Amino acid sequence: MRRRLGGIKWSNFAAYLSSMSDHSRARLFVKRAFENIRNEKLKHNVLQALPFWIASLITGLAAVVYSKLFTGAEHVTAYIIEHHRWWLFVVTPCLFLISYVIVKRFAPYARGSGIPQVMAAIDLATPKDNHIVYKLLSLKVIVVKVISSLLVAMGGGAIGREGPTIQIAGSIFRKVNQWIPDSWPKISRRNMIVTGAAAGLAAAFNTPLGGIVFAVEELARTHIRYFRTALFSAVIIAGLTAQYFLGPYLYLGYPDVTNLSGYIFLGVVFVALVTGLLGSIMCKVILYVLRWKRGFTGGQNMLFLLVCALAMVVIALGISTDVMGSGKSLMNAVLFTAHKRVLWYIPVLRVVGPVLSFTTGVAGGVFAPALSAGATVGAMMAGWFDLAATNSNLLILAGMVGFLTGVTPHPLYQRHTGAGNDRPPQRDLPPDAGRDGSQHSSTGDRQTLILRPPEIPVP
C-alpha cells in the first residue's frame, strides 16, 4: 500500500518537494502537518497562540539586545568618569539634548518609562481608538525609545531600562497583532498588548512567573480562560529566551540573609516605613516639576534640560559620581561586597539623580534608580547600628522593596480605579484622545504629567 500524506501520493509529493527550495519545502511540510491535525479545537488553539509565540520570541531577543546595549552605554559613562571626567561638562548636556530632541521630533510618547503608555493602550485597545494606540505603541516608538534612553545612559542619566523594555514589548505585540490576516482566528488587541507587557516584564527581570501574575491581575475582569494557554506560554517563551542568552540569573543574585538576629525585623519595619515615604515623596516631586513645566515653550524645555544635566555633572564631580547611572552597580556593591556602608548624602543623591533625569522629557525608567535609592537608605541605616553583614543585607533588601512600593502605587505607574466604576479608567493621552472631548478629571490631570509632553497643549 502506497504511503500518503494529506491525500497525496508520497512518491509524487517527494518529487514535488525535491524541486522546491529549502524554505518552501519547510513551509509546505509544516502546512501539510498542520492540515493533518484532526482535532479542530486544537488547530484553532494553535492558530490563536502562534502570534503570541512569535511576538514573545521577538520580545525576548529585543530585551536581550537592549539589555546589552544599555550595559554598554553605562560602561561608556564609567570610562569617561575614570579617564576623562571633565568631558562630562560637554558629553552629558549634549547627549541629554540630543535625546530630548529625538523624542520631541519623532515620537513624543516615547518619553519617560513607558509603563503608563502601555497601560493607557490597554484601556484604549478598541478599533475607534486605534490611531491613539499607534502613538503609544509602534515600531517608531521602539526605535526612539532605545536611542533616546541609550544616549541618556551614556551621558550618566539616572534612568533604568526596565520600564522602556515593557513599552518595547507592548509595541512588538501590537505590531504582530496588526499583521494578523483577517482569515486568522480572532485575537483581542487588548489581550495581545497585555501579554506584551507581561512578556516585557518577564524578559526585563528574567521572571516569567512575575509576568504571568501581572497578566492575570490585569485581565481579572476578562474571560482569561479563552486564551490562557497562549498568554502563559508567550510569557514563558519571552522569559526563557532572555535566560538562554543572558543565563539563568536573578536581577540581583542571591544575597546572604542567613543567621539573622531576631531584633532585625524591627529594623525592617522602620526601614520599610522610611523608604516607602521617600519613594512617594520622590514621585510627588517629579510630578510637581512636570506640572510646573507644562507651560514651557520648546526653548524653555531645552534650557531646563541643560540646567539639569549640568547640575548632575557638578554634583558628580563636586560630591560623588553615585548621582549618575541606574544604580545597579551600587546595589551589587552593598549586597555582595564587604563595603556595606554608605555616607549619609548618598541616598539623597540617589533621589536627586532620577528627579533631574526623569523631568527632562527624555526616555528612561525609574525602576532601577528607585531600587538603588532604597538600597542606599538600608545600607546607611545598617551602618548607623553597625550591623553584621547578613542583617545589613536584610535591611538593604527591605529598603529596596519599601522604596519601590512607595513609587509603584503612584500615578507614575498605576492606574486610578474608582469604586463602582466598571468602565476602564480614562488616561490623559494625546490631544485627540478624549473619548467625549471633555476635560479629564483631576486624577487624570496628574497622569497627564507623565503621558503628555509639556509642549502639547491640554485639550
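Helices here are DSSP runs of H or I, at least four residues long, numbered from the N terminus. By that count, Phe-89 is found in helix α4. Keep in mind that this is a predicted model.

Overall, the protein has 18 helices and two strands. Of its 459 residues, 52% count as buried. Looking at contacts between residues at least 6 apart in sequence, 81% of them join residues at least 24 apart. The exposed surface comes to about 21,100 Å², with carbon and sulfur atoms supplying 66% of it.

Now for the inside. The largest nonpolar core has 97 residues, and Ile-193 and Met-324 touch the most other members. Helix α13 gives the most to this core, with nine residues. Apart from this core lies another one of ten residues, Ile-264 and Leu-387 among them. Setting aside residues up to four places away in sequence, Ile-193 touches Val-118, Ala-121, Ile-122, Ala-125, Val-133, Leu-137 and Arg-174.

| Nonpolar core | Size | Members include |
|---|---|---|
| Largest core | 97 residues | Ile-193, Met-324 |
| Another core | ten residues | Leu-395, Ala-398 |

In soluble globular proteins, nonpolar side chains tend to be buried together. Helices α4 (88–106) and α13 (298–318) each supply at least two residues of the patch.

Why is Phe-89 classed as partly exposed? Its relative accessible area is 34%, and partly exposed covers values between the buried cut-off of under 20% and the exposed one of over 50%.

Note on methods: Residues are numbered from 1 along each chain as its sequence is written. This is a predicted model: local features need pLDDT of at least 70, side-chain atom pairs count only at pLDDT 80 or more; totals for chains, interfaces and linings use all residues. Side-chain values use heavy atoms; hydrogens and water are left out. Buried means under 20% relative accessible area, exposed over 50%, partly exposed in between (1.4 Å probe, protein chains only). Contact means heavy atoms within 4.5 Å. Accessible areas come from the Shrake-Rupley method with a 1.4 Å probe; for residues, only the protein chains shown count as cover. A nonpolar core is a set of buried Ala, Val, Leu, Ile, Met, Phe, Trp, Tyr and Cys residues joined through side-chain atoms within 4.5 Å.
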